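Please consider the structure shown below. The paragraphs that follow lead through its helix packing and then through some individual residues.

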Amino acid sequence: MKIRPAAVAGYFYPGDPIKLLSQINKYLSQVVSKISTNKIFGIVSPHAGYQYSGLTAAYAYNILSDKFIENVIIISPSHREYFPGCCIYAGDAYSTPLGIVEVNKVMSRVIVEGSKNIFFGENGHKLEHALEVQIPFLQSVLSDFSIIPIVIGDQSKIFVDELAEQLAKVVDEKTIIVASSDMSHFYSAEEANRLDSVVEENINQFNYDGLQTALDEKKCEACGGGPIVSLMKAASMKGYKNSIVLHRSDSGDETGDKSEVVGYLSAVIYGD
């Protein structure tokens, strides 16, 4: 098997499986879901080091606990490598300290089929943390699942929209989407709150076009803004119309330094 090894274990999250599982379970035990539904289309989750954003992520992952989910499409931005379009990992699996999760190649091929800008490869996958850090949380709340790992190299609207259309073709009641994103970077907590509130408002209003416009016009920041918009637009195509922000925080909540923070947010997209 061609396995993508854990690249940020011991850095973004504990490399020891016992410590890792303990940390995740601690976060999950501290949160209470704001909604209760079996019609979950997807979630938005942050991707910083767990000590900074793990609790916020837990609000989203707690909703997935005990759900019957077989496939998880994880959409991540690319922090280290630019490339046009969207890349689905061409290997067989991703590995974390909690074990190996296989790639669903059948569903991956359907997403790529007929697309001009979605392709198989390793672009953006080798060292990317934003996708990897979601997997241990998934391993903690789901029992048996496969993944479709997608990294967006260019978040221009043309690529975001095409991804949404391709995702809508494959998502069923046993599949969810995870959009990986942090919010604003390195502003004061006050300014970060102003910017991140724009993202929150558009998610709460299920306004993916408004979010796309706000991102394009620099009225807010989200390194995974493209993944969020793709998730919401695909949801709309499948008849899902509800989204709510579950929790917001910033790095200053952990460090105590509010002069320069990174913002975090978790959300869920769901049906009636």
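Helix 2 (residues 50–64) passes helix 5 (residues 134–141) in a right-handed crossing. A crossing is called right-handed if the near helix is turned clockwise from the far one by less than a right angle, and left-handed if anticlockwise. Helices here are DSSP runs of H or I with at least four residues, strands are runs of E with at least two, and both are numbered from the N terminus. The model is predicted, so that local features need pLDDT of at least 70 and side-chain atom pairs count only at pLDDT 80 or more, while totals for chains, interfaces and linings use all residues. Residues are numbered from 1 along each chain as its sequence is written, and side-chain values use heavy atoms, with hydrogens and water left out.

The axes of helix 2 and helix 5 come within 10 Å and cross at roughly 40 degrees. Axes are lines fitted to C-alpha atoms, for helices over the stretch in contact, and angles run from 0 to 180 degrees between N-to-C directions. Helix 2 and helix 5 are therefore oblique to each other; angles under 35 degrees count as roughly parallel, over 145 as roughly antiparallel, 65 to 115 as roughly perpendicular and the rest as oblique. On the side of helix 2, Y50, G54, A57, A58, Y61 and L64 meet Q134, P136, F137, L138 and V141 of helix 5.

Helix 5 also holds S140. Leaving aside neighbours within four places in sequence, S140 is in contact (heavy atoms within 4.5 Å) with L21, I24 and L98. From S140 to N104 the separation is 36 residues in sequence and 19 Å in space, C-alpha to C-alpha.

Helix 9 (residues 225–237) packs with helix 6 (residues 157–170) at an angle of about 40 degrees, the axes being 8 Å apart. Helix 6 is therefore oblique to helix 9, and the crossing is right-handed. Among the residues that meet are V160, L163 and L167 in helix 6, and V229, K233 and M237 in helix 9.

Helix 9 packs with helix 8 (residues 208–216) as well, at about 160 degrees and with axes 9 Å apart. That angle makes helix 8 roughly antiparallel to helix 9. Y208, L211, Q212 and L215 of helix 8 make this contact with G225, I228, V229, M232, K233 and S236 of helix 9. Here the crossing is left-handed.

Side chains of opposite charge can pair when their charged atoms come close. The whole structure contains 10 salt bridges, each a side-chain nitrogen of Lys or Arg within 4 Å of a carboxyl oxygen of Asp or Glu. One of them joins R194 and E191, with the closest N and O atoms 2.6 Å apart. Because R194 and E191 are three residues apart in helix 7 (residues 189–204), about one helical turn separates them.
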